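Visitor: I have a structure to look through with you, and I would enjoy a friendly tour. Could you show it first?

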Amino acid sequence: MPFAFTLFLRFVARDVRRNWIRTLLTVFGIALGVSVYLAISIANNTAISQFKQTVSQVSGKANIELMPLSGPALPEAVLDALADYRMLGVKYTPMIDEHLVLAAQSPEQNSEIIQLIGIDMLADPDFKSYQSDANDSETEDSGKIRSEDTDSDQDSLKNLSVFSPRAVLVGGKLAQRHGFKKGDQLTIVVNDQKEKLLVAGVLGTSGIGGAYSGNVVVADIGLAQDILKWPGKVTRVDLIAPESLVPLLQAKLQEIVPSDVLVATPDTRSEQAEKMVRSFEYNLLALTFIALMVGMFLIYNTMTITILRRRPEIGILRAIGVSRRTVQNIFLWEAICLGLMGTTLGVVMGAFMADGALKAVAQTFQYFYFKVPLDKITVDPLQYAAAFAIGMGLTLIAALPPLLESTTVSPAEATRRASQESNVRRSTTPLFVVGLACLALCYFSALQPAVNNFPLFGYLAALLAIMGCSFLVPLILAKSLPVLATIFARIFGVEGRIAAVSLQGTLGRTAVACASLMIGIAMMISLAIMISSFRKTVTHWIDQSFEADLWLQSQARASGNKFGRLQESAIKAAASVEGVAAAEGFVDRSINYQGMSAFLAAADFDVLTKYGNQLFLSGESSKTVCARVVGMHAIISEPFAVRKNLKKGDSVEIDTPLGKRKFFIEDVFYDYASDLGYIIIPRDIYKQLYNDSSISNVAIYLKEGANIEKARQGILKNLGSSSLVSLSSTSELRKEAIRIFDRTFAITYALHTIAVTVAMLSIMNALFALTIESRREFAILRYIGAKKTQLAKIVYLQAAILGACGNLGGIGLGYILSLLLIHVINKQSFGWSVQYFVPYDFILQSSTLVILTSLLSGIYPARMAARTLAPSVVRDE
Amino acid sequence: MASSPSSQLLQIEAVAKTYGEHQVKALSAVSINIARGEFVSLMGASGCGKSTLLNLIAGLDTASSGRIIFDGADVTKLTDEAVTALRAKKIGFVFQFFNLLSTLTVAENVALPLELGGTTSAADRQKRVLEMLAEVGMENRLNFYPAQLSGGEMQRVAIARALVHKPELIVADEPTGNLDSENGLKVLELLKHLNKSLNQTIVMATHSEEAGAVGDRIIRMKDGLVVSDSLVQH
Amino acid sequence: MVRLKSLAFILSLLFSMSPSASAAQKVYKQALPGYQYKFPQDHFSHDQFRTEWWYYTGHLITEDKRRFGYELTFFRTGADNEPTNKQSPWKLDNFYLAHFAITDENGKKFRYTEKLNRSGLKLAGARQDAYYVFNEGWSVEKLGDHYMLRADSPEYSIHLLLNSLKKPIIHGRDGVSQKASCVGCASHYYSMTRLKTEGTLFIADKPYAVTGTSWMDHEFGSNQLTSDQAGWDWYSIQLDDNRELMFYLMRRGDGSFEKESSGTIINADGSSRHLTLNDFSAKPTGSWLSPKTKGKYPMGWKLSVPSAQIEIELTPSMLEQELVTGRSTAVTYWEGSTSVKGTSNGKPVTGQGYVEMTGYAEKFKQKL
């Protein structure tokens, strides 16, 4: 080992140092790949662990939970049934845990969504751990209710407690942001009303006070119900049962609670949250893998070139008695060194990028999935370890073929002078066949259904497509470069030919560089196609199905509280305005359908039949389908249909407060508002089943030629000035939808930029290698009388060829990947049908950019080429 | 090519060359005149400075002091561009390791200097390449790649490439160094033939007495100095 | 009486909801002379009074002669204001508190637990139409002639059936137990002084059959404590000659006793006599410094009621019987089982008792 190590230091490490630019490129390439992977996985992990943390901060030691299935809340009457189980040592307490809109506290602020937590302030301390300055400063026994109050002299403040009317505790973060202190008032928006609460104290950061990062208002349960207008309803019931009884009790309780109440463990909620965001997270992670893969090519390329370049020297080593194994080991050390440097740098960079990544995905998580604050990353050493392992692992895998090649060098090669080529040239045809096989498998894989709603085969198909196309590259290049040489010779003269034929001469390297650029570009192209297809589809869908002229909703809902409601009378108030043809009430609630979050909505189908325009999968007109949705009939959204494997003509059974109810599925409608899925039933049925006549929004259809502004004024007047509502036009709605859409995909753009950057590094790296490899040729050319500019021209042409080939391949592979993304991966993940649309202008722009960038990446190698010192090179022989 | 009426093609005047920080002397005050049509053998052991001298003549390296007048122009004063042009037009190289471009065919290799110069038409070029290959006896190997040729054949192609643009001077650095004696002899004969039939000026560096003897004039060097300069009696 | 007054004061601070002008002030009935007791109705809850408690202490013995003392107390205190939402089960009209303590006299272990709830959904309550008071899983309930007590804690649980051997004894004069000289500064207070007890004691879920004797207090009233009272000492004694003695001493800030301090002597035949401060003397025989609260309590007493010919000495069964009830009443007090020895009517007598002392750990409280 000492000998091998010294050999490594002298033979390999010095070489690595001497070629520091290439070493740097390689290291940076790996680093980028690892860093985006780490950043994204930290961001993903933060979302889930924040969710879990919030669960544990709010639910504390609970080991069983009662959760509502038919809506956001369950009837508190279930508590009655629990009383008997106290004998078994079971403790329980109701909870309210719901969004609340905090109104702008001053003109320069915006309203914001915070969390309202309602607890029984008298409940067992095991359920409610928090500290608050409302009580006292004692920290050792948080959760106590104390009579002493030391921080205030005024009697009124002294007596202000969480039991005072409309008095709440305010989370530290929230208090800090708004300067709330004991005795202050805070304004909230509930449905269409502004209301005031009194600050009874500010919470510390432990326990509930730390939940939702301190953006909470904690109220006694009765007050929380008052605030939400939820009499008799609670979000959950938390139970603490003796550990040994948990399974038994869970089963027993499930028998006695109403059928729309689920008896679960706190983990269930986290698991459901994880399931809910899984598709989104994997999609992001898959993108980072592209960057990693391109990084792998970089390693492969660097190592291959090193070993090819040093074949004669390796031959010398072998000739003087160094074993194959030692040769392999010293190059393995090189790979490890590169991997270590790249991965370490990547982990450090990733740690820095994680904040940005989190910011980029936070709003998407919060908008589509769950509202936990994501302002700070959660540091989990495991994430770093995983990123490190992945970086090192992939590096070593990528280095394996060149390492094996290093062992094939025979001592005789010490004396050989001819330029070496890797095995690639010899195996172009077999590789091509393998590539075709991969593509065939890819096709086959793409046809497979999702596994547990997860597009396992879709991702496999994407991987196969990438591998397949990469394997095709060598033969295609081998066949096309000679042709290109002739063409280039005609256009660019001899430099053109030399550029092409020397690429041909180093086919192995050329192919790898091309393939990595191809993958980077393919990713960019496929994402561009996917995003623009998606955008186009969504815009089209909005244009088509948002037929109403005005949309009315409560201020709370407009501020982001999905469950902000309006009185049913708002429909009439809108409909009776002059110029209004019809008003349709719509209400939605989150339900738990077969262990997954989904939305149950109800609409006035009679109005919808006349005025609406839902787009249905069957292609039937909105009128025909909507007219049939009466009684126990429903329509479901496409994501719901895909996830639950349902279709027109099936039926869907949902839990309602009155028990399970089966609805016949009239049709499946296109919907892009949520990937969780919608079931829409007639509102009269909904009102009966859920005893809920409130509405989420009103779609208002105007008469032909009616003045929209006049109608708007009329509606607002009818509703009365005390009602705080938002009344937006369809075009405003559309703008908002597109804004959310673009925000959702912002991270995607960022990721593909990074993948392309890695790909460009790979091109630069290849050009470096080629230039170094071509020193001899350049020297000869210099002898023969080639000008410096001619040498530079060769390098630039090579850069252009690589760029163009990579780009062309990238467009091809990108096309395949975009098909997979749109029709397989996203379809199976989110259930969205997306109309295929190719953004030619983008492809044209990006192609130009790629070739330009390739040329730019040739600058340094070209200068290097031009500087070639002919005598030293030729003499070196 | 009526640029210079002088019979002297090359005048090397007190040229010295030192390398690096430590001022390693490769050449010290060498002066040699070479006339048109001469076949000069530059002889000496490895490291005597003959390759350095060749590189200075070709403008591939710059002299530390002294002048090198090639065809009436001082190479040491020319810009890199001018030297490159000079090389492209007036000098042809033959190397020990042939230095053919492995990815180009025989014909392409030979055509290279003409193409780089870029002045001749494609037809003329083709004609000239064929002519040259015929001259070296490789006309039937036009579309072979270097790897498909024997060492001797490769060197002939290299010579054809050196000649193709009708250079004033052929610089040959150990042209037989990598060949067996039979092939070496053939190459020497070819050079001799070119010298005689085309009146081609040749400067050939070699350490082989046998090869050196082919030239008209033998200049011996040692430690960067010219130690003898004599004509050969054939 | 004393305990009630202190409790009322503390609870009124604790659950004060005053800063809202809109909330209607609740008006409570005063405890005034002339109150006519009626049983079993007076066992029930009197929600028209602000504060009320049902209070059980007793001495238990297992078949293998292990001795235990127990205390199980249910408190109710009414809120200052009418609840804003009368429909809600979460309305804050009454707060229910409970303490449960077990003294393992042989094992020298003392454990206590407390509870605090509103009525909520079957969380706690005290019926006004029956004797049923409960707080989560703890309860006292009248079943025919018997009273059933249940309470549990992580280490101990009790399930006891009590049968009163004497009629309820009404304390004070003219139906009121006066606290201070002011009008209405009083409560209604009665006891069941000798309750035959049998049932099960669970030690870490293992059942032990127990028998013994218990004492029950029930008191309700609405007034506030006067501010110059520093604490109180309360004694309940069951003598083996079938007589019982109850006495409380209210200590003023200046060290003197409130002159309204009083007691009752109950004879074997169930008749009783009111005792005034002059009838009674208690001399501490030692003291104990609480390591937890640094409160210094008198410990061990010589009691003398000359008019009843009682001269007895009380020895606590263990020193550490202090309750720090941070969560519910926020009172720190010592409430412990004691053994009794001395003379009654000139004859040697033994017996058992419970002693309660509050206001000795006040300094500790101030520090908080």
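This is a predicted model: local features need pLDDT of at least 70, side-chain atom pairs count only at pLDDT 80 or more; totals for chains, interfaces and linings use all residues.

Visitor: Which helix of chain A gives the most to the side of domain 3 that touches domain 4?

Guide: The contact draws nine residues from domain 3 of chain A and 12 residues from domain 4 of chain A. On the domain 3 side, the elements giving two or more residues are helix 15 (507-545) and helix 25 (788-830) of chain A. With four residues, the one that gives the most is helix 15 of chain A.

Visitor: By class, how many residues on that side of domain 3 of chain A are charged?

Guide: Nonpolar residues number four there, and polar residues also number four. That leaves the charged class, with a count of one.

Visitor: Over in chain B, why does Thr76(B) count as partly exposed?

Guide: Thr76(B) sits in the loop between strand 5 (73-74) and helix 2 (80-90) of chain B. Leaving out residues up to four places away in sequence, Thr76(B) touches Thr62(B), Ala63(B), Arg67(B) and Ile68(B). A residue is buried with 20 or more C-beta neighbours within 10 Å and exposed with 12 or fewer. Thr76(B) falls in between because its count inside 10 Å is 19.

Visitor: What is the C-alpha to C-alpha distance between Thr76(B) and Gly66(B)?

Guide: Along the sequence, Thr76(B) and Gly66(B) are 10 residues apart. In space, their C-alpha separation is 8.2 Å.

Terms used: Residues are numbered from 1 along each chain as its sequence is written. Chains are lettered from A and ligands numbered from 1 in the order in which they are written. Two residues are in contact if their C-beta atoms, placed from the backbone, lie within 7 Å. Ala, Val, Leu, Ile, Met, Phe, Trp, Tyr, Cys and Pro count as nonpolar, Asp, Glu, Lys and Arg as charged, and the others, Gly among them, as polar.
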